[in-house]
Structures are given as C-alpha cells and as structure tokens.
Amino acid sequence: TRGTVTAFSPFDARADAEALRKAMKGMGTDEETVMKILTSRSNAQRQEIAAAFKTLFGRDLVDDLKSELTGKFETLMVSLMRPTYIFDAHALKHAIKGAGTNEKVLTEILASRTPAEVRNIKQVYLREYEANLEDKITGETSGYFQRLLVVLLQANRDPDGRIDEGLVEQDAQVLFRAGELKWGTDEEKFITILGTRSVSHLRRVFDKYMTISGFQIEETIDRETSGDLEKLLLAVVKCIRSVPAYFAETLYYSMKGAGTDDDTLIRVMVSRSEIDLLDIRKELRKNFAKSLHQMIQKDTSGDYRKALLLLCGGDDE
C-alpha cells in the first residue's frame with residue numbers, strides 16, 4: 001500500500017480505549033491524545049478500539065467524540081472512525097439526501113473507484129440503508145450525467161488484458177467523429193467508450209486520439225460538453241490516466257483561493273490515507289509545485305490542522 005497510515009504495532013485496543021476514555025472524561029478534553037491515537041491506527045484497528053471502548057465502559061466511542069469535540073476537528077475524527085467499507089456508501093447517501101444533490105461527491109467517488117469497489121459500495125448501500133443505490137441516484141439526477149453515472153454503477157469496465165490496436169484506432173476515430181467533427185456532440189459515444197473500456201485500452205485511445213485530432217481528449221470534452229456531464233467525463237479521463245493525480249488536483253483545488261472546501265479535504269484525506277496518499281502527495285508536488293503539507297499548514301488551523309498534518313504524514317519539500 002502507498003498509504004500514509006498503516007497498522008500500528010505493537011497494538012493494544014484496550015490500552016488505546018482506556019487512553020481515549022481518560023482523554024475525554026471529566027472537565028475539558030485532551031485533543032492531542034485523541035488525534036494521536038486515531039490518526040496513527042489503521043481503520044481496522046480503530047474498529048477494534050471502538051469495540052474495546054464499549055466493552056470496558058459501556059459507552060459508544062463515536063458518540064463520545066461527537067459530544068466532546070467540535071467543528072471540523074470533530075468531523076475529521078468521526079470520519080476516521082467510519083468503517084472503510086461503509087465510508088463511500090455513507091458519503092453517497094448524504095450526497096443524494098434531502099434538497100439538492102451534491103454532484104461533486106457522486107462524480108468524485110464513481111469516477112475514481114475500481115469496478116470491484118463500486119460493486120462493494122452497492123452491496124453495502126443495500127445492506128445498510130435498505131435501498132438500491134442506482135435507483136436513488138437515478139431519482140436525483142438526469143440527462144447524460146445520469147446515464148454516465150448509471151454506466152459507472154454497472155461496474156462492468158473491461159478488465160485489463162491484451163490491447164487490440166485495431167479497436168484502439170476505431171475508438172479514437174469514433175470519439176473524434178462524435179465530438180470535434182460533428183455539429184453538436186454525440187454524448188452517448190463518449191459515455192459508452194469512457195465508461196466501459198479497460199484502463200490500459202483507454203490510455204492508448206487517448207494517445208491515438210491526440211495523434212488523430214491534435215487535441216488532448218480533455219480539451220475536446222471541455223469544448224464539446226458542459227455542466228455536470230463535463231465534470232464527470234473529465235474526472236473519468238483523469239482517473240484513467242492516474243487516480244493519484246486526480247486526487248492531487250482535487251485536494252489542490254479544495255484549498256486553493258479564498259475559502260477551503262473542508263468536506264472534500266476531509267473526504268479525500270480520510271478515504272485515501274491507507275491507499276495512495278503518498279502517491280497523491282508526490283503528484284501534487286509534481287503538478288502544482290506545492291506540497292500537501294504546506295497547503296494544509298497554510299489553509300487550516302488549530303487541532304483540525306494538526307490532525308490533517310498527522311494524516312498527511314510528512315512534507316515533500
């Protein structure tokens with residue numbers, strides 16, 4: 001794994017549970033202890049700590065965190081406690097719940113997860129919320145944006161295998177004709193090809209497309225589509241090229257300029273901390289000449305900042 005957070009050793013769930021109880025008991029809270037323990041244990045270990053906490057004290061660790069902590073620091077600590085398998089399903093549920101849909105979250109999760117991960121999210125969603133994720137999403141979205149989400153939800157992307165150069169050429173031509181060469185755009189062709197072909201095949205298609213058209217596929221999508229569909233197509237293309245680069249860009253823009261998109265910052269830092277945050281840091285440094293550590297340092301404050309820096313796990317000078 002290329003995560004910044006790995007299983008802690010030697011690990012003692014009971015000792016950690018006792019330290020957390022002590023940190024939150026009585027007047028005032030020892031935030032330092034809470035963040036040190038929760039950011040340095042793997043998600044599986046955090047679940048063991050929560051179980052030990054309940055066994056020892058008859059209390060729910062997440063409830064205690066919610067009552068003792070506040071603000072963004074509380075949100076971050078509670079997010080760290082969410083079981084890995086439920087994390088994405090929970091984020092999607094909240095993105096489509098109530099008035100207005102958070103298209104950004106749908107785009108980020110469904111464009112970046114592997115077919116196996118998407119299948120898992122659908123199962124967990126059904127089990128936890130007794131609802132069909134696809135039905136929920138189609139109920140809240142429309143048009144070509146909805147269609148591409150549905151294609152991604154099928155999780156039937158071709159597996160990586162031998163590359164058929166003939167098909168690469170053909171797909172590149174089809175995309176060229178569906179976009180640049182056409183008055184208007186044949187969105188369906190983009191949706192089918194980008195939503196179903198294998199990753200290694202599509203990387204070759206993007207190269208071939210550049211040769212045929214003189215444009216990067218991203219430039220064409222930018223010109224030929226708009227709104228949520230454009231954002232989703234671009235996210236799919238970026239994730240095909242490199243998932244860590246996609247998340248590096250996502251983190252960069254969550255902190256760039258005035259104001260911080262804390263929801264995105266927390267979601268990406270927590271969800272990628274055990275997967276590829278080291279690669280994401282590297283890509284951010286390479287593509288934006290900034291280190292993730294310095295951006296967090298500059299853009300956040302207090303215990304929230306300290307905890308994010310611990311998750312970040314070092315500076316790429």
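Here are a few friendly notes on the aromatic rings in this predicted model.

1. Let's start with the ring pairs. The count of aromatic pairs comes to seven. One of them joins Tyr252 and Tyr253: the ring centres are 5.0 Å apart and the planes stand at 85°, so this pair is edge-to-face, given that planes over 60 degrees apart fall into that class.

2. Tyr252 also pairs with Phe288. Here the centres lie 4.0 Å apart with the planes at 10°, so the pair is stacked.

3. Taken together, ring pairs join Tyr252, Tyr253 and Phe288 into a cluster. How buried or exposed are its members? Tyr252 has 10% relative accessibility and so counts as buried, because the cut-off for buried is under 20%. Phe288, with a relative accessible area of 21%, is partly exposed.

4. Two charged side chains are also worth a look while you have the rings on screen. Which ring does Lys93 sit over? The charged end of Lys93 is placed over the ring of Tyr129, at 5.0 Å from its centre. Arg21, in turn, lies over the face of Phe57, 5.9 Å from the ring centre.

Methods
Residues are numbered from 1 along each chain as its sequence is written. This is a predicted model: local features need pLDDT of at least 70, side-chain atom pairs count only at pLDDT 80 or more; totals for chains, interfaces and linings use all residues. Side-chain values use heavy atoms; hydrogens and water are left out. Rings of Phe, Tyr and Trp (its six-membered ring) pair if their centres lie within 6.5 Å; planes under 30 degrees apart count as stacked, over 60 as edge-to-face and the rest as tilted. Buried means under 20% relative accessible area, exposed over 50%, partly exposed in between (1.4 Å probe, protein chains only). A charge sits over a ring if NZ of Lys or CZ of Arg is within 6 Å of the ring centre and within 35 degrees of the ring normal.
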